[in-house]
Amino acid sequence: MKTFFTKTVTIATMTASMSIASLTIAVPTMAASFTPFSFKTNVTASSIDDPTGNLLNDPTRDIRLNSIEYNRNTINNFELVNQAKILQNDTYRLEDGSLLGVLHSGRGPNTPNDNLLEEGPSKPNPTAQDIVDSLGNLNLNSILVIRENANKASIEVSFENPVDTFFFWERGGTAGGVVAGDSDLLVEALDDNNAVVASYKISRQNYTKADYNISTEVIPVLNNGPFNIGSLGIHLDGITTKTLRLTSVNNDGLLPGVPNDNGPDFKIVAAKAVSEPTTIVGMLITGLIIILKRQKTVAS
């Protein structure tokens with residue numbers, strides 16, 4: 001619950017003479033914040049015979065997210081993206097004159113031939129539904145790709161239920177190298193009126209290795225890899241949301257004095273809140289009931 005409104009609460013009991021005629025509480029909306037954390041990713045993926053020792057799995061095929069471990073908890077029930085909106089998708093031209101946006105839907109080259117689970121499309125200029133199809137599944141080799149050919153990409157992604165915990169994976173450095181993630185991403189939580197209630201800038205150096213590898217194909221723009229994958233979680237403190245705004249800027253590095261976000265290529269899933277935040281009214285009612293019970297005990 002993000003806002004509280006003025007409410008009159010009256011409590012009456014048959015066993016106590018104490019009564020409260022009116023208890024009025026007004027609490028304004030307050031800004032929230034994100035707290036980052038590291039987590040372990042547990043997956044099912046095809047094995048590979050790699051003499052170099054750099055690859056942890058076949059990076060071209062399906063990679064199923066099984067569970068996540070953090071803070072001594074194991075999560076295997078996830079909220080997936082079920083709606084998307086494209087806010088800005090700056091364009092660039094290919095050598096043949098084709099005009100493309102920096103947003104692409106990408107997947108492993110051999111994921112269509114792998115029946116482990118579904119994946120999204122492989123195409124430039126994705127529609128809102130394409131973005132849902134890329135992110136709204138548990139295939140970690142089905143991602144949203146942002147190229148480094150133009151300035152800005154910004155989208156909104158939504159979940160069916162209110163959530164407060166978000167898990168990000170970023171396509172990072174060369175497989176076997178030290179780099180986990182190599183891009184930055186601004187994350188903003190929105191309330192029901194589309195106002196920003198919390199924001200957090202994910203920095204590339206904060207990712208840790210997720211212990212699997214992917215290659216990515218966007219027909220006909222790119223087919224590259226394999227890459228390390230970095231992971232990072234962020235928890236929304238005190239409130240829940242259904243919608244995040246995800247933005248990267250200066251991806252082509254042409255704006256002086258503006259940080260270069262370097263085209264984040266990412267996957268996101270969320271977890272349901274354990275419980276709705278307790279309202280102050282609810283806490284006061286609970287406290288008053290305890291007082292009344294104590295008075296009854298003393299009187300007896």
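In what order do the three strands of the open sheet come, and is the pairing parallel or antiparallel? The order is 4-5-6, and the pairing is antiparallel. This is a predicted model, where local features need pLDDT of at least 70 and side-chain atom pairs count only at pLDDT 80 or more, while totals for chains, interfaces and linings use all residues. Residues are numbered from 1 along each chain as its sequence is written, and side-chain values use heavy atoms, with hydrogens and water left out.

Strands here are DSSP runs of E, at least two residues long, and helices are runs of H or I, at least four, numbered from the N terminus. Two strands pair if DSSP finds at least two bridges between them.

| Strand 4 | 40-45 |
| Strand 6 | 73-75 |

Now for the cores. A nonpolar core is a set of buried Ala, Val, Leu, Ile, Met, Phe, Trp, Tyr and Cys residues joined through side-chain atoms within 4.5 Å; buried means under 20% relative accessible area (1.4 Å probe, protein chains only). The largest one has 38 residues, and Phe 34, Phe 166, Phe 168 and Leu 244 have the most contacts inside it. Strand 13 gives the most to this core, seven residues. Apart from it lies another core of 21 residues, including Tyr 70 and Trp 169.

Technical notes:
Buried means under 20% relative accessible area, exposed over 50%, partly exposed in between (1.4 Å probe, protein chains only).
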